[in-house]
Amino acid sequence: MAIDAGFVGRTYPPTAPYLVGREKIREFARATGQHHPLHHDLTAAGALGHHDLLAPPTFAIVLTMSAEGQAIFDPALGLDFSRVVHRSQQFTHSRPIHAGDLLSVTVTVAAVDSVGGNDVLTLSSRVATVQGDQVCTAVSTLVARAA
Amino acid sequence: MRPNWDDVQEGSALPERVVRLDRADLVRYAGASGDFNIIHWNARAAVAAGLPDVIAHGMLTLALAVGTVGDWCGDPAAVVECGGRFAKPVVVPDDAAGVELRVVGTVGRKCVDRTVRVDITVFCGGEKVLTKARAVVRLA
């Protein structure tokens, strides 16, 4: 089933604020084999000019994938999640993410397409502080393979 | 030693990284990332979705690839852009050995703003599983 192209440009409400935690950063870094002291050691982070632990470069996925659920599970969009695979992902950082950041995500449907009977959905997630300062943009492309 | 922009040469290779993933690594990443998609931990569901077996999260492969760049430049905060395409699934068998990923990176381009673009490919069993992957890093 093709996704209605009329959904392009639809923006979902900003997510409830997410407080980036030190232990979440450590847990994510361990799970992805990133052992740099900036992700783990508060003293080392301070010595390197960071006010708190630094999140790894793909950490924003913790917030954005959850936020994308608004679109993925939007019944009006009609995506078959049981057949969805993640095709590509891109992050553009305006500044690094640190423990203590209070962030909100705003998801926009950037593109819909149909390739060989497969639905292709591109979502753009803007991560910003609750004050509105831009932190990161994450672009996800998802494919719902034809049954 | 942290590379300096002036000394980095286009076309030079980053140290290759080999990582082994098993089912426990997928469970660990699921918990850490909040991505509990059933195809990453349940073979029955993976097969029902048309996959050969449980597959790794594409984002785990990407995180490993980008982490390699952070290790090379010595400062993960220097990574200002990163991304890639999940070209083939990384099938992770239910055994002790798991599967081996090989991360290959090359300095693709030096830009005038003292950033470099690192081009990355991740191989699994000879196949390219992560393609068109790039990380832009700001060097000293």
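Here are some questions and answers on a predicted model.

Visitor: Which residue has a side chain in polar contact with the side chain of A:His86?
Guide: Start with the setting: A:His86 lies in strand β2 of chain A, residues 84–93. The side chain of A:His86 also reaches a backbone oxygen, that of A:Ser88, at 3.3 Å. The side-chain partner sits at 2.9 Å, and its name is A:Gln89.

Visitor: Which residues of chain B is A:His86 in contact with, leaving aside neighbours within four places in sequence?
Guide: The contacts in chain A include A:Met65, A:Ser140, A:Thr141 and A:Leu142. The list also holds residues of chain B: B:Met59 and B:Phe86.

Visitor: Is B:Phe36 buried or exposed?
Guide: B:Phe36 sits in the loop between α1 (23–33) and α2 (43–48) of chain B. The cut-off for exposed is over 50% relative accessible area. B:Phe36 has 54% relative accessibility, so B:Phe36 counts as exposed.

Visitor: What accessible area does the nonpolar surface patch with B:Phe36 have together?
Guide: The patch is formed by B:Val27, B:Phe36, B:Ile38 and B:Trp41. Together their accessible area is about 410 Å².

Visitor: How many of the twelve residues of helix α3 of chain A are buried?
Guide: This helix spans residues 61–72 and is mostly covered. Among its buried residues are A:Ile61, A:Leu63, A:Ala67 and A:Ile72. The buried count is nine.

Visitor: How far apart are the end C-alpha atoms over residues 7–137 of chain A?
Guide: An unreviewed UniProt entry annotates these residues as "domain: FAS1-like dehydratase". Over this stretch the chain is 21% helix and 32% strand. The end C-alpha atoms are apart by 20 Å.

Note on methods: Residues are numbered from 1 along each chain as its sequence is written. Chains are lettered from A and ligands numbered from 1 in the order in which they are written. This is a predicted model: local features need pLDDT of at least 70, side-chain atom pairs count only at pLDDT 80 or more; totals for chains, interfaces and linings use all residues. Side-chain values use heavy atoms; hydrogens and water are left out. Helices (H or I, at least four residues) and strands (E, at least two) are DSSP runs, numbered from the N terminus. A polar contact is a pair of N or O atoms within 3.5 Å; within protein, one must be able to donate a hydrogen and the other to accept it, and residues adjacent in sequence count only if both atoms are side-chain atoms. Contact means heavy atoms within 4.5 Å. Patches are made of residues with over 30% relative accessible area and no salt bridge: like charges are joined within 9 Å, nonpolar side chains (Val, Leu, Ile, Met, Phe, Trp, Tyr) within 5 Å. Accessible areas come from the Shrake-Rupley method with a 1.4 Å probe; for residues, only the protein chains shown count as cover. A salt bridge is a side-chain nitrogen of Lys or Arg within 4 Å of a carboxyl oxygen of Asp or Glu. Buried means under 20% relative accessible area, exposed over 50%, partly exposed in between (1.4 Å probe, protein chains only). UniProt positions are given in the numbering used here, feature names are shortened, and annotations may be inferred rather than shown by experiment.
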